[in-house]
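Subject: Structure for you to look through

Hello,

Here is the structure I said I would hand over.

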Amino acid sequence: MAYFAQQSVNAISLGFLYALIGLGYTMVYGVLTMINFAHGDLFMLGAFVCLLLVTFSPVALPFPVLLVLVMAIIGGLGVLIERLAYRPLRQAPRVSAVITALGCGLVISNVTLSISPYSRAMPEVFDDRYFNVLGVGVSLLQLLIIGVSLALMVGLDVLIYRTRFGMALRAVAFDAKTVPLMGISVNRIISLTFLIGTGLGGAAGMLYGMAFPVISASMGVLVGWKAFIAAVIGGIGNIRGAVLGGFILGTVEIFSVAMLPSTYRDLISYSLLLVILIFKPYGILGRAPNVKV
Amino acid sequence: MESVRRFCVRVAECRWILPLLLVIGMGFCVAAESGGLLNSYTRFVLITMGVNIILCASLNLVNGYLGEFSVGHAGFMALGAYAAAMMTTRLFPQMPALFLPAIFFGGLVAAVIGFLLALLSFKTRGDYLALITLAFLMIVKSALENIPWVGGPRGLAGIPTLSSLPITFGAAIVTLWVIRNLVFSKFGRAVVAIREDEIAANSMGVRTREAKILAFSVSSFFGGVAGALLAHQITFINPGSFDILKSTEILVMVYLGGIGSLAGSVLGAVIFTLLSEVLRDFGTWRMVILPLILVLLMLFRPRGIMGLRELPWFLPRRELTSRRKKP
Amino acid sequence: MSALLEIDRVTMRFGGLCAISDCRLSVSAGVAHGIIGPNGAGKTTLFNLITGIYRPTEGRIRFKGHDITGWRPARIALDGIGRTFQNIRLFKALTVLDNVRIAYDTQLHYHPLEALARVGRYGRGEEESIARGLGLLEHFGLAEFATLRACELPYGLQRRLEIARALAVQPSLLLLDEPAAGMNTAETAALTTFLRDIRAHFQVTMILIEHHMHLVMNLCDKITVLDFGRTLAEGTPAEVRADPRVIEAYLGDGEA
């Protein structure tokens, strides 16, 4: 029973991380109906930027400052990629944009791999502590992950459903052709979407690096794409779906590793993705797009 | 300049050149193999080139002609490579005569799985289909890692060196011939019609599911054939050699040479093989340059060098006469 | 005589929006049937229902006496219904000849394996497909453009190619969605003659959606007026022209 509870705590914190990464995929998909394959690699870069900041900063940076810096840097990079590689292709066939995104992701991960061929240890950002809650060990870090993720998600929800920017964003997602007629700059909305989406990915990378303190260039593919599975399971383009999917995948992974050899984890996650895509291609909360004839 | 162009057009129209080239090529391959004309490096590069032509032409069927985006081609290679290698190392060791059946078996295994994948995902399009192929690739890789019988993550070693120049050359010719036949048939036209406008194609009586399944099956068959050849060239395979980067390599070839074009597939594969040899000294930076090329191609020449155009050498004669007819 | 196409109390809802409600339509063989109505009246939706792109929420559709409700578009096309689209949907990057061949191809019978190995019925089938494609283009005055890509044709010829392609399906019923869209009066008059000629030559029943009243009144034997997804009126051109409800809802002063 204690074991089950312990695994549940682990599943929840992993689920939050997946959800946080998945939000970036889902925001971009919601607005551009395009899968940003580079998102996982930006997530990976978030961990590396954090490592660089901690290593080379002359003064010890407190956690909130680090978080904001990582989010700003990764978010900025996301905007840059959109500007240089995706925007010119907005009118092109959608496959072109998908290919470009995949290419950008591979460039990022292999540049990182070339500079840092081996895994690196993430230094401690703060002193971790363990609490014993009813026989279940919960670390301060896990609480922090849950807290920060929750705060970012609630913030995002407020931003999208309660602000003018959010309204404009939903308008672009609904009909990008009509929105410019209302005097809204579609480009600015899309840039902001990338800033926020990839910024959240960067934050997730940093938190993931702290939770599993060995980081490597392949993290983007290994973890980032998993988060993408989460977003698809929940229903891509749907913010709440990303969170739901994150929890489902986190739970499935933690418990499959607990019961089967750990080498089966990827097999199970990707099989789950395949099954969902085949039988419920738009996810649990997603809706099929309307095709006009 | 103009005279050069006109000369090229004239050469392109001379259809007897292609069979002549094939005979010379085959003669050269046999001679080089038995007479030891080439050093082992050149021979290795030429065989790689042949394998790449098969890969590029077969992926072009799905990514170029059908207009979908599959990143799972390395998965079909893996299936073909493992199936054929199991035959030559475990089931019938020391029997090089069975290499051709082993290649065919590798292709068949890949084709059956490709058929099933297309059958299950017949409703899926665009980036969702790309995802299905991605999931497929990851599943093949991690499944192979979890089967101790085929070596698990360490892979299969000691595969006999059976991929010779004539066999690779022959396989490449057969691949191009079969795909050419498919493309210039009612099925090929249906595949292309789906790429152009699926709803209009349906309203003309084109059955999407059939065309898609056929394109996927043939494409994965030759993906498997290429995998089988590769396994018997490098003599060692492991699940990690058939990852997303392997798929990316094939994608670069397809989009470099040109989508929807067999001449483009050959061109793309030849350029890529040479380029990749030049980049060999760059280590992991090579894997930065390749995707970068892919991105630049998409931005500046999304259809590739020969995109949607075909060299008259590859057209069936009756297509050619219908094309020339100018009343 | 039983009707070629019978639409029996068909209703189509998209979420809360009712695009077609309780629609009844019966088209006899050999007739040219016009469908008119203001934008958003559900005319194109009706075509999409007949050709199987949408599945009706309620009601049945019968063609040549059998029920085709819920059939896939390809099966309906092969059963003998050809169509054009409001916003031209040609296979743009393909040649003009290939555009009509793709429609002819569905009547060729050879197995994929015969194609892969170039044996059996493949050769004859291909010969036939080219010959018939060229023949059809000849009839439509498009033969000289056979090797051009469809997107390189001028607008009017693209419209004409789309009709040719629909006829290559060898339909007994041809659905034309605004064939005169974007044409001036002279072009529309030419189109009227052209459609009349097609009707005689290919022995095909026609349903056409059109806003150009001259075309509809001159060509059609029968007219249905749709408004907000409902059948407002039905009858011969003269009857419809005289119907006060139609005048009020659509024609305004009676002559558009």
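Of the 293 residues of chain A, 49% count as buried. Please keep in mind that this is a predicted model. The model has an ipTM of 0.91 and a pTM of 0.91. For chain C the average pLDDT is 90, and 97% of the residues score at least 70. Where pLDDT is low, predicted coordinates should not be read in detail.

Chain A

Chain A contains 10 helices and four strands. Along the sequence they come in the pattern α-α-α-α-β-β-β-α-α-α-β-α-α-α. The C-alpha trace of chain A spans about 60 × 50 × 40 Å along its principal axes. The radius of gyration of chain A is 19 Å, which agrees with the value near 19 Å for a compact globule of 293 residues. If you take the contacts in chain A between residues at least 6 apart in sequence, 79% of them join residues at least 24 apart.

Where chain A touches chain B

This contact takes 35 residues from chain A and 37 residues from chain B. On the chain A side, helix 4 (94-115), helix 8 (219-234) and helix 10 (265-279) each supply at least two residues. Helix 4 of chain A gives the most, with 15 residues. Sorted by class, the chain A side has 26 nonpolar, seven polar and two charged residues.

A helix pair in chain B

Two packed helices are described by the angle between their axes and the distance between the axes. In chain B, helix 4 (residues 73-91) and helix 6 (residues 126-145) pack at about 30 degrees, with their axes 8 Å apart. Helix 4 of chain B brings A74(B), G75(B), A78(B), L79(B) and Y82(B) to this contact, and helix 6 of chain B brings F136(B), L137(B), V140(B) and L144(B). These residues divide into eight nonpolar, one polar and no charged.

The sheet in chain C

Chain C has an open sheet of six strands in the order 6-7-8-3-9-10, with mixed pairing. Its edge strands are strand 6 (81-83) and strand 10 (230-235), and each pairs on one side only. From one strand to the next the twist averages 20 degrees. Strand 7 (residues 173-177) and strand 8 (residues 205-209) of chain C run parallel and are joined by five bridges. L176(C) has L208(C), in strand 8 of chain C, as its bridge partner. Helix 1 (residues 43-50) of chain C packs on the sheet, and its direction makes about 150 degrees with that of strand 7 of chain C.

Regards

Technical notes: Residues are numbered from 1 along each chain as its sequence is written. Chains are lettered from A and ligands numbered from 1 in the order in which they are written. This is a predicted model: local features need pLDDT of at least 70, side-chain atom pairs count only at pLDDT 80 or more; totals for chains, interfaces and linings use all residues. pLDDT is the predictor's confidence in each residue, from 0 to 100. Two residues are in contact if their C-beta atoms, placed from the backbone, lie within 7 Å. Ala, Val, Leu, Ile, Met, Phe, Trp, Tyr, Cys and Pro count as nonpolar, Asp, Glu, Lys and Arg as charged, and the others, Gly among them, as polar. The radius of gyration is taken over C-alpha atoms; the globule rule is 2.2 Å times the number of residues to the power 0.38. A residue is buried if 20 or more other C-beta atoms lie within 10 Å of its own, exposed if 12 or fewer, and partly exposed in between; C-beta atoms are placed from the backbone. Axes are lines fitted to C-alpha atoms, for helices over the stretch in contact, and angles run from 0 to 180 degrees between N-to-C directions. Two strands pair if DSSP finds at least two bridges between them.
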